[in-house]
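User: I am new to this structure. Please walk me through it in short steps.

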Amino acid sequence: MDYLSLLMRAVIDEVSKLRLLLVFNEYMECDLESTVMDLYKEHYKDKDVQETIRILKKDFLNRTKRRWLHAAVRDYKEKKSTKNKELLGEYNSLISYYKTNGKELFSQQFGDLNSPEVVIKQRIQVLKDWCNEEESLLTDYPYIHQKTNKQIKKAINTDISIIIGLTILSPSLRNIDQCIIESPLSTVENPFFSNSRAKLHIENPLLEMEGKEYFSSVYNLEDGTNYELLIEKDYAEEGTKISDLDRFDYKVFLEIMSQRDELFATQKIINVHIGDLVKSLYQTASASNYRAIEDRIIKMKHYSMTKVEHNKKVAYGIFDYVDITTNPNGTRFAEIHVNEVIYRDYIQRQTVRIYKNKVEKLSLDASYHLLFVMQKERLICYETKSPYNVTRDYLYFATKIRFRKRHKKENLIEIEKALDELVKQKLVVESYQRYGKNFLINFIPLEEEEIRDLLTGDYEYIPLSVC
């Protein structure tokens, strides 16, 4: 789930707790979600959040509160208004009740408030408390339904706008945004990223596809499935060694994807500041770290993969276009166009989510990749109401992690080490047993907090045959 989706959910949750929701449903024709999005774009997108809240409270919320309080009290005291609303309207109703039923019945009805004047005095105090209370909203005004439709709609928009700003600044939203990381299924289900940080030796003959020339690195499985990692010729020279796509590339990729916004939804484009990536992924903001991030972004643009399975061929990549420039203010900035396959995963909510701080605990590259794979399996178990265990064979793991060692025995040991680390760190996997080339894996049951934070896709509809 991207930042705006998290914000939308948090704002709607907050509105749902308030009288504001009832007023909204009665007077607004549009839906709440579109209203929140429109107000976010109007007041907060690319603006100083704290300054916006200050202006909204000063010029709209507090000023309107004082005006409404003053008008209600003035009309009651002067008793000249023909509107017969709010305090004056209630006073006139109380006078009528008092005259019709007498002091005794009035006192039975209102207790110690033994006259219309005393009741209204208490009402005025309620209005003053509402006006002075920092947390109160315009839609909390006791006589809100007696305002004009135009006033009510303006009050609704003001209240929602302030809630959006306060939600943006709330630690709960910042913590959610920072501690959850989301990977598309295409990078979980396919061995795009390697389980090691070794170099690729480019010496294979050139391939030509769609007017471009590529070197290839082949990854074959014994079931007949073949993968070709393709590297554009203008990025690598034959006979040279270049860096494979490794765990850190995966981390950079996921960090970039976490910064997608509505531009991604409409145009598959993500704009990122290189400094934000450096700050998130390194301890220091040195020039070498800036270069390292830029190099990895460029690398992911020049790599793609082709999967051949039973005469069916599927080609996919990560980034289709990358433009890194320096802004007028001196900051480094990247415009990134995301590959269609990955874009479709996010749009269709085919992603795997996990707490970021847990991912960072892992030391083995294979564990990092396997954690997302196992999390997907665990989520499927929950949504299909199945037992929290699965049995998977060696080929299953080989289609998810691109092993660099030639011998199956060595790769099986790597799988064991990765699962051992997940068990030790209490991440997703509770325990496992190996039987030859097969692994019986028991998952840690999902907790309520995880169900709320991590379940965003329709995992129950993912065919188990791909798992």
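The questions below go from the whole chain down to single residues.

User: How many helices and strands does the protein chain have?
Analyst: This is a predicted model. Its protein chain contains both kinds of element, and the count is 19 helices and 15 strands.

User: What radius of gyration does the protein chain have, and what would a compact globule have?
Analyst: A compact globule of 467 residues would come near 23 Å. The C-alpha atoms here fill a box of roughly 100 × 55 × 40 Å along the principal axes. For the protein chain the radius of gyration is 30 Å.

User: What share of contacts between residues at least 6 apart in sequence joins residues at least 24 apart?
Analyst: A contact means heavy atoms within 4.5 Å. Among the contacts in the protein chain between residues at least 6 apart, the share that joins residues at least 24 apart is 67%.

User: How far apart do the centres of the positive and negative side chains lie?
Analyst: The protein chain carries 70 positive side chains and 73 negative ones. The centres of these two sets are separated by 4 Å.

User: Why is the pair of Tyr141 and Tyr143 classed as it is?
Analyst: The structure holds 25 aromatic pairs. In the pair of Tyr141 and Tyr143, the ring centres are 5.9 Å apart and the planes stand at 70°. Planes over 60 degrees apart count as edge-to-face. The angle is 70°, so this pair is edge-to-face.

User: Are Tyr141 and Tyr143 buried or exposed?
Analyst: Buried means under 20% relative accessible area, and exposed means over 50%. Tyr141 and Tyr143 are both buried.

User: Which elements hold Phe397 and Phe439?
Analyst: Phe397 and Phe439 form an edge-to-face pair, with 5.3 Å between centres and 75° between planes. Both residues are buried. They sit 42 residues apart, and the pair links distant parts of the chain. Phe397 lies in helix α17, and Phe439 lies in strand β15.

User: Which residues form one aromatic cluster with Phe192?
Analyst: The cluster is made of Phe and Tyr residues. Besides Phe192, its members are Phe193, Tyr250, Phe253, Tyr316, Phe319, Tyr368 and Phe372.

User: Where is Lys385 found?
Analyst: Lys385 has a positive phi near 55°, although it is not glycine. Its relative accessible area is 75%, so Lys385 is exposed. Lys385 is found in the loop between α16 and β13.

User: Where is the place of Lys426?
Analyst: Lys426 also has a positive phi, about 55°, and is not a glycine. Lys426 counts as exposed at 64% relative accessibility. Its place is in the loop between α18 and β14.

Terms used: Residues are numbered from 1 along each chain as its sequence is written. This is a predicted model: local features need pLDDT of at least 70, side-chain atom pairs count only at pLDDT 80 or more; totals for chains, interfaces and linings use all residues. Side-chain values use heavy atoms; hydrogens and water are left out. Helices (H or I, at least four residues) and strands (E, at least two) are DSSP runs, numbered from the N terminus. The radius of gyration is taken over C-alpha atoms; the globule rule is 2.2 Å times the number of residues to the power 0.38. Lys and Arg count as positive and Asp and Glu as negative; His and the chain ends are not counted. The place of a charge is taken as NZ of Lys, CZ of Arg, CG of Asp or CD of Glu. Rings of Phe, Tyr and Trp (its six-membered ring) pair if their centres lie within 6.5 Å; planes under 30 degrees apart count as stacked, over 60 as edge-to-face and the rest as tilted. Buried means under 20% relative accessible area, exposed over 50%, partly exposed in between (1.4 Å probe, protein chains only).
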